[in-house]
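Subject: Structure handover

Hello,

Please find the structure below, followed by notes on what was found in it.

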Amino acid sequence: MIQWKIAPAALLSATLAAGTAVFLAATPLLAQETVKLELWSRQDPSGPLRAGNVVKAAERLNKELEAEGSPKRVEVVVRESPAKGFDDDALQLLKVFGIGEGPDMFIAAHEWICAFQEDGFVLKLDDYIAKYPQHFGTIFPSLWSSAKCPDGTYAIPQDAEARMFFYNKKLLREAGYDDAFIDSMPERTLSGDLTMDEVLDIAKQVVEKTKAQYGVLHRPNKGPDYIMAFNAYGNDFVDPKTGNLLLERDKLAAAFGWFERGVKEGVIPANNTAMEFDALRKEFYTGNAAFWMYGIWDLGSVAFPTYGLPQDEQAFFKDWGWVAGPAAEKGGSPVSLTHPIVYVIAADTKEPELAVRLLGHASAADLNTDHAVTTTHLGIKPEQLEDPRYAEAWPLARATELLKITKFLPNNAQFGELNGIIYAGIQGVEAGRLSAQDAADFVIEEASSGLEDVIVK
Amino acid sequence: MATIADELIERRGHAASATRRRTNFVIFLGPAIVLTVLFFIVPVIIDIAVSFTDLGRSLRITAFTTEQYEKVFRTDRRLTQVIGLTFVYVFGTLAIFNVTFGLILAITTTSIRNVSGSFFRGVWLLPRMSPSVLYILLWLWAVSPTEAGLVNQILMQAFGLDAPLDLLTSAPIALIIISNGFIGASMGMIIFTAAIRGIPEQLFYAAAVDGAGTFATIRFITLPALRWPISFVTIYQTLSLLVSFEYILLLTKGGPFYDTTVYALYVYRRAFESGQYGYGAALALFLIVIGMVVALIGWRFFDMERLLQRPRIEVH
């Protein structure tokens with residue numbers, strides 16, 4: 001009888017013990033939780049690692065989580081948008097958020113973040129940034145100003161760049177300018193001696209005396225570069241006291257006047273805004289245009305790989321060069337424009353802490369340098385300057401000189417829309433439909449009727 | 001008793017026939033009514049509702065307002081120019097291509113040998129059969145402002161033109177009329193051809209015997225028989241041109257500046273390029289109203305009611 005009693009008890013104990021062991025062994029596996037974080041990213045050949053670095057960062061974060069004994073693991077799901085530019089992308093994403101289908105994180109042009117912030121779509125980051133100095137502590141302070149809305153920081157700078165007027169030295173030489181003049185242009189620009197009008201004069205000489213068809217070319221869609229010309233004529237677009245959009249009729253007319261003169265002199269093509277981006281680049285890099293108003297990343301993304309411009313610094317500067325945006329008048333201030341791209345986190349993400357840490361790892365100096373050197377964008381941290389790869393990428397070092405005079409687009413929620421109106425004004429002027437004064441009136445009328453709180457002077 | 005029974009049977013018969021009528025109504029007209037309500041009436045109601053809101057770029061409504069209508073009537077200075085251009089575009093395309101050229105194509109291709117006629121009609125149908133993006137790509141190549149553009153190649157090599165023309169900048173309105181007209185002409189061509197084929201041949205023989213020349217035959221036999229198709233094509237194509245803008249968007253993007261931004265494209269640019277959906281809805285409502293007014297005017301002008309009447313004599 002005793003045996004009968006012991007045997008089932010032993011069997012029961014053994015079963016329980018085995019069950020417990022199996023349960024304990026399986027616990028870590030069962031409890032491990034995969035957190036999927038969705039990242040919205042525009043398909044952009046000029047910065048594939050913006051999203052790529054976040055994917056890589058997930059590996060680093062997961063190791064960190066494992067070391068901490070956390071059961072959570074992060075998986076990044078990239079949702080690519082086919083938008084042609086950051087403006088179209090932001091408009092699309094605002095709709096996506098509006099219908100409650102927004103991602104956990106997204107990549108945007110900095111001037112759009114306040115549009116998202118205004119509708120409560122994005123997470124305020126000041127506390128997180130303070131909490132993770134190892135990730136964010138060394139990011140250039142100037143870049144943070146591009147990530148702020150009136151009540152705080154809403155984004156993490158991902159890169160910066162410099163915008164300039166590239167020029168073709170061979171064409172300038174053919175037009176009769178000597179090397180001393182050509183090589184002194186960057187320095188003269190920085191000292192305020194070379195003016196916007198002189199650029200048109202030089203371009204005119206090139207068009208008249210060489211086979212080149214065009215003098216100055218600029219982007220054929222809405223974007224930041226041409227704002228540099230408006231900055232040169234004193235348009236800052238924001239009232240420093242109120243933060244509202246500011247339009248100054250005379251300064252706008254002066255800037256449009258530059259485009260108007262360019263077309264009248266036969267230097268800027270009347271159909272510049274109707275041409276394709278690639279066609280414009282081809283005209284410049286194959287020697288059919290004197291100047292190309294664009295940005296430093298174009299060297300790494302297009303000029304070197306597609307048009308075979310020399311990658312060696314000396315060889316490059318023998319036939320090519322760039323100047324900052326010249327001053328409007330002699331002795332005035334030259335300009336450059338940087339347009340940081342930023343990482344942003346959605347206000348309704350379920351795992352804000354993990355998203356912040358993930359983007360913190362994506363902002364690591366080595367990963368950011370991968371992006372910087374492969375696409376010729378400027379880095380975000382001083383330690384990147386010590387990376388030999390960064391040092392070897394001479395366009396970055398040379399373009400960094402322009403950061404001294406650089407400006408940002410205003411972080412105003414309505415600037416994206418205002419920029420669309422300004423672009424339409426440029427189209428009107430170049431196509432001969434508007435005079436410079438008409439274009440200034442057009443911008444003011446359109447902005448006053450379509451946007452809110454616009455200050456007109 | 002017998003009378004009551006008969007009455008009951010009769011009533012039942014009436015009831016059954018009423019039920020059958022209702023069933024037939026649901027079966028035959030139901031799907032069409034559902035589709036019309038879903039795709040025509042509901043969107044108009046939604047559009048009216050949205051036009052009284054401040055629906056903006058993030059698709060959120062924070063207030064109900066008449067602000068959009070104030071903008072339409074008071075502050076939007078582009079609108080007059082846009083409406084004027086739309087009139088030129090619709091009237092130009094219709095008058096030159098969709099009706100006149102369609103008619104010329106139909107008359108010429110039915111007056112030559114059948115094989116040749118079918119061939120030329122086939123050629124003119126090609127633009128309609130091509131995908132719109134491909135069709136416009138061909139146009140972009142044809143009018144490219146460089147020496148490589150087809151038009152410039154012809155003008156420079158055959159006519160000795162010095163510098164290439166940039167038609168997209170210098171003649172954008174003509175371009176959108178021609179590119180739309182090449183497609184629109186084929187619809188008129190087919191309908192008019194069918195109508196011409198339907199004219200009894202003895203009328204042409206009789207006219208020939210009476211000594212009528214080509215133009216007299218067209219004037220007194222062909223054109224009178226085409227009154228209904230011409231009226232239909234005019235009204236249908238007017239409405240179609242008023243609301244379609246895809247070819248313009250692809251060819252000129254509405255530019256240079258606002259030069260080729262017709263009303264429908266203007267609505268699109270306001271709503272989808274600027275994110276002003278509430279304002280776009282208010283503008284679209286006027287397009288619906290304009291469309292209805294044009295349709296009604298056309299109806300009266302062409303006396304469509306009489307044309308749609310049942311023939312008084314049944315022809316077997």
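How far apart do the C-alpha centres of domain 1 of chain A and domain 2 of chain A lie? They lie 29 Å apart, with domain bounds taken from an automatic or database domain assignment.

Before the rest, the conventions. This is a predicted model, in which local features need pLDDT of at least 70 and side-chain atom pairs count only at pLDDT 80 or more, while totals for chains, interfaces and linings use all residues. Residues are numbered from 1 along each chain as its sequence is written, and chains are lettered from A and ligands numbered from 1 in the order in which they are written.

Chain A

The assignment for chain A gives domain 1 as 30-160 + 339-407 and domain 2 as 163-338 + 411-456. Between the two, 32 residues of domain 1 of chain A are in contact with 25 residues of domain 2 of chain A; contact means that the C-beta atoms of two residues, placed from the backbone, lie within 7 Å. On the side of domain 1 of chain A that touches domain 2 of chain A, the elements giving two or more residues are helix H3 (86-98), helix H4 (113-118), strand E4 (148-149), helix H17 (365-375), helix H19 (394-400) and strand E14 (406-407) of chain A. Helices (H or I, at least four residues) and strands (E, at least two) are DSSP runs, numbered from the N terminus. H4(A) gives the most to that side, with four residues. By class, the side of domain 1 of chain A that touches domain 2 of chain A has 16 nonpolar, 10 polar and six charged residues. Here Ala, Val, Leu, Ile, Met, Phe, Trp, Tyr, Cys and Pro count as nonpolar, Asp, Glu, Lys and Arg as charged, and the others, Gly among them, as polar.

In total, chain A has 21 helices and 15 strands. Its C-alpha trace spans about 115 × 50 × 35 Å along the principal axes. Of the 457 residues of chain A, 50% count as buried. A residue is buried if 20 or more other C-beta atoms lie within 10 Å of its own, exposed if 12 or fewer, and partly exposed in between, with C-beta atoms placed from the backbone. Among the contacts in chain A with a separation of 6 or more, 76% are between residues 24 or more positions apart.

One residue of chain A to look at is A:Glu452, in the loop between helix H21 (436-450) and strand E15 (455-456) of chain A. A:Glu452 is exposed because it has 10 other C-beta atoms within 10 Å. From A:Glu452 to A:Glu208 there are 244 residues in sequence and 46 Å in space, C-alpha to C-alpha.

Chain B

Chain B comes to 15 helices and zero strands. The radius of gyration of chain B, taken over C-alpha atoms, is 26 Å, well over the 20 Å that the globule rule gives for 316 residues, so chain B is more spread out than a compact globule. That rule is 2.2 Å times the number of residues to the power 0.38. The C-alpha atoms of chain B fill a box of roughly 105 × 75 × 30 Å along the principal axes. Buried residues make up 30% of the 316 residues in chain B. Of the contacts in chain B with a separation of 6 or more, 67% join residues 24 or more positions apart.

Chain B is divided into domain 1 (1-45) and domain 2 (78-305), and 43 Å separate the centres of these two domains, taken over C-alpha atoms.

Helix H3 (residues 78-111) of chain B has 34 residues and should span 50 Å at 1.5 Å a residue; its end C-alpha atoms are 47 Å apart, which agrees. The expected span is 1.5 Å times one less than the number of residues. H3(B) also has a kink of about 45°, centred on B:Leu94; the bend at a residue is the angle between axes fitted to the seven residues ending there and the seven starting there.

Helix H9 (residues 201-209) of chain B holds B:Leu203, and B:Ala207 is found in helix H9 of chain B as well. B:Leu203 counts as partly exposed, with 14 C-beta neighbours inside 10 Å. B:Ala207 is partly exposed, with 17 other C-beta atoms within 10 Å. Leaving aside neighbours within four places in sequence, B:Ala207 is in contact with B:Ala212, B:Thr217 and B:Ile221.

Between the chains

The contact takes 20 residues from chain B and 22 residues from chain A. Helix H2 (67-75) and helix H7 (167-170) of chain B are the elements that give two or more residues to the side of chain B that touches chain A. By class, that side of chain B has five nonpolar, seven polar and eight charged residues.

Regards
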